[in-house]
Amino acid sequence: MKTKSGGRENSEDLRAIFHAKRLKCTPQRLAVLKVLKESGAYLSINMLDKKVKEMLPGTGLATVYRALETLEELGLVAKVHLEDGCHSYAVAPEGHMHPIVCTECNKVIDFAECPLGELSEKLTQDTGIVIQNHFLQLFGKCRECQA
Ligand SMILES: [Zn+2]
Ligand SMILES: [Zn+2]
């Protein structure tokens with residue numbers, strides 16, 4: 001298993017990440033991140049909204065949404081797509097990685113290193129298209145759920 005959030009545990013580091021992008025490190029944004037870190041699993045927007053409200057009563061759903069968008073932009077949160085077409089959110093690992101999600105227990109089991117760099121370059125060479133982004137997510141069964 002790889003460590004998922006090495007080096008970004010303390011709030012000074014977080015503040016630096018926000019400030020580098022000229023974004024405010026608001027209590028709501030920090031609360032969303034904290035809830036995700038503590039859960040260790042992916043959470044739906046409704047679960048997140050409920051837990052953030054427990055920490056910061058009066059926080060609206062729209063604020064939670066915006067906080068998630070900002071955190072995603074900063075690379076701190078990853079959107080996780082589910083088989084039923086919905087999506088949830090998890091703490092992003094450092095660097096560019098792809099989530100592996102357990103289909104039984106709803107956990108982000110691990111993150112896989114990106115295998116698509118070379119493919120993107122080859123496609124650009126072959127087609128002239130500059131690949132700007134891609135989406136890859138893996139589904140599986142974690143060890144506990146295999147037992
Ligand atoms: Zn599992
Ligand atoms: Zn990738």
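What share of the 147 residues in this protein is buried? The figure is 21%. Keep in mind that we are looking at a predicted model.

Let me start with the overall layout. The protein has six helices and five strands. Along the sequence they run α-α-α-α-β-β-β-β-α-β-α. The C-alpha atoms fill a box of roughly 55 × 45 × 30 Å along the principal axes. Now take the contacts with a separation of 6 or more. Of these, 54% join residues 24 or more positions apart.

Next, the core. In soluble globular proteins, nonpolar side chains tend to be buried together. Here, the largest nonpolar core has 25 residues. Which residues have the most contacts inside this core? They are Val32, Leu36, Val77, Tyr89 and Ala90. Several elements give two or more residues to the core. The largest share comes from α2, with five residues.

Stay with Leu36 for a moment. Leave aside residues up to four places away in sequence. Leu36 then touches Leu43, Val77, Tyr89, Ala90 and Val91. Among these partners, Val77, Tyr89 and Ala90 are also on the list of residues with the most contacts inside the core.

Now to a helix pair. Two packed helices are described by the angle between their axes and the distance between the axes. Our pair is α2, residues 27-39, and α3, residues 45-55. Their axes come within 9 Å. They cross at roughly 120 degrees, and therefore α2 and α3 are oblique to each other. The crossing of α2 past α3 is right-handed.

Which residues make that contact? From α2 we have Gln28, Ala31, Val32 and Val35. From α3 we have Leu48, Lys51, Val52 and Met55. Look at the spacing on each helix. An α-helix has 3.6 residues a turn, so residues three or four places apart point the same way. By type, the contact residues divide into six nonpolar, one polar and one charged.

Last stop, helix α5, residues 117-127. How many of its eleven residues are buried? The count is zero, and α5 is hardly covered. Just after α5 comes glycine 128, with a positive phi of about 80 degrees.

Note on methods:
Residues are numbered from 1 along each chain as its sequence is written. Chains are lettered from A and ligands numbered from 1 in the order in which they are written. This is a predicted model: local features need pLDDT of at least 70, side-chain atom pairs count only at pLDDT 80 or more; totals for chains, interfaces and linings use all residues. Axes are lines fitted to C-alpha atoms, for helices over the stretch in contact, and angles run from 0 to 180 degrees between N-to-C directions. Helices (H or I, at least four residues) and strands (E, at least two) are DSSP runs, numbered from the N terminus. Angles under 35 degrees count as roughly parallel, over 145 as roughly antiparallel, 65 to 115 as roughly perpendicular and the rest as oblique. A crossing is left-handed if the near helix is turned anticlockwise from the far one by less than a right angle, and right-handed if clockwise. Two residues are in contact if their C-beta atoms, placed from the backbone, lie within 7 Å. Ala, Val, Leu, Ile, Met, Phe, Trp, Tyr, Cys and Pro count as nonpolar, Asp, Glu, Lys and Arg as charged, and the others, Gly among them, as polar. A residue is buried if 20 or more other C-beta atoms lie within 10 Å of its own, exposed if 12 or fewer, and partly exposed in between; C-beta atoms are placed from the backbone. A nonpolar core is a set of buried Ala, Val, Leu, Ile, Met, Phe, Trp, Tyr and Cys residues joined through C-beta atoms within 7 Å.
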